[in-house]
Amino acid sequence: MIEHLSIPTSAGDFDAIAAGPQDGRPVLLLHGFPEAAVEWEHQVARLGAEGYRAVAPDQRGYSPGVRPTDVADYDMDHLVDDVVAMAGALGWSRFDLVGHDWGGAVAWWTADRHPDRLRTLTAVSTPHPRALGDALRTDEDQAMRSQYMRDWRSSDTEKRMLADGGEPLRRMFEWKVPRGRVDDYLARLSEPGALTAALNWYRAGSPKAAIEAVTVPTLYVWSTEDVAFGSTAALATEQWAHGPYEFQMLEDVTHWVPEEAPEQLTALLLDHLHRH
């Protein structure tokens, strides 16, 4: 059974979905753009059924209770602080962290800055930020794939994405996510200020400090048809994982792994958690 929670922090109250016993091994799952916690509904339910305590929050800007208007409030420092604050509010001293897309980036940075708090890391789609940075400089294919990140900083992006009843946003999902779920995402991002808040993650710019190699046990799941992240950064991620590391490649799957290949991803995640 999926529960709906409110997680109180000094930044505001985060909405979340959850499942599993309160005393189960804690797992926090971070969503990407342009999604929400519900992208993890399948994984949360399965983890809960397996005895884990799984919680997936709507992150900063996606939760109405944590939707500041200043672009600077969406920099990586705040996003990582949110993870630690939510874990604290849930009473978790150590936890397993899972992230997809932007949630994956936050997960990598959290593993870098707070390795003592993480039991394991699972990154879905998003390569280690240093591997991605290197690929952006040396690989023309990755530079082309990532052009959207710069384009979306434009002030007219909201208007363009919500044109024609949000059709540009809808097309982003490549018809790989159930229509009803996409309708839900569009409804959420059509709330006043919601899409601007989500896009402010892109506008906030890169963190000032450099990220180093992570040391916690790490699973990285990348799919061959991912439009955003090519193989150069995906294969180079291993260089930035100095603890136990596992790389899993999903053939013929697009960027939307948690919803397009839920059974495959959940099986990989459970295996990773069982082994560490």
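Buried here means under 20% relative accessible area. By that cut-off Tyr202 is buried in this predicted model, because its relative accessible area is 6%.

Now for the rings. The structure holds 13 aromatic pairs, and two of them share Phe33:

| Pair | Centre to centre | Angle between planes | Kind |
|---|---|---|---|
| Phe33 and Trp152 | 5.3 Å | 50° | tilted |
| Phe33 and Tyr202 | 5.5 Å | 85° | edge-to-face |

Phe33 sits in the loop between strand S3 and helix H1, and Trp152 in the loop between H6 and H7, so their pair ties together parts 119 residues apart in sequence. Tyr202 belongs to helix H10, so its pair with Phe33 ties together parts 169 residues apart.

What about the core? The largest nonpolar core has 62 residues, and Phe33, Trp152 and Met161 are among those with the most contacts inside it. Helix H3 (residues 102–113) gives the largest share, seven residues. Apart from that core lies another, of 24 residues, including Val44 and Leu273. Met161 is in contact with Phe33 and Trp152, and its other contacts include Leu195 and Leu199.

Over in helix H9 (residues 179–189), the buried residues are Arg181, Val182, Tyr185, Leu186 and Leu189. They cover an arc of only 140° around the axis, which puts them on the same side of H9. Their cover includes helices H1, H8, H10 and H12.

Conventions
Residues numbered from 1 in each chain as written. Predicted model: local features only at pLDDT ≥ 70, side-chain atom pairs only at ≥ 80, totals over all residues. Heavy atoms only, no water. Buried < 20%, exposed > 50% of the residue type's maximum accessible area, 1.4 Å probe, protein only. Helix = DSSP H or I, 4+ residues; strand = E, 2+ residues; numbered from the N terminus. Arc of directions from axis to C-beta. Contact = heavy atoms within 4.5 Å. Core = buried A, V, L, I, M, F, W, Y, C linked by side-chain atoms within 4.5 Å. Phe/Tyr/Trp six-rings, centres within 6.5 Å; stacked < 30°, edge-to-face > 60°. Lists of a residue's contacts leave out its neighbours within four places in sequence.
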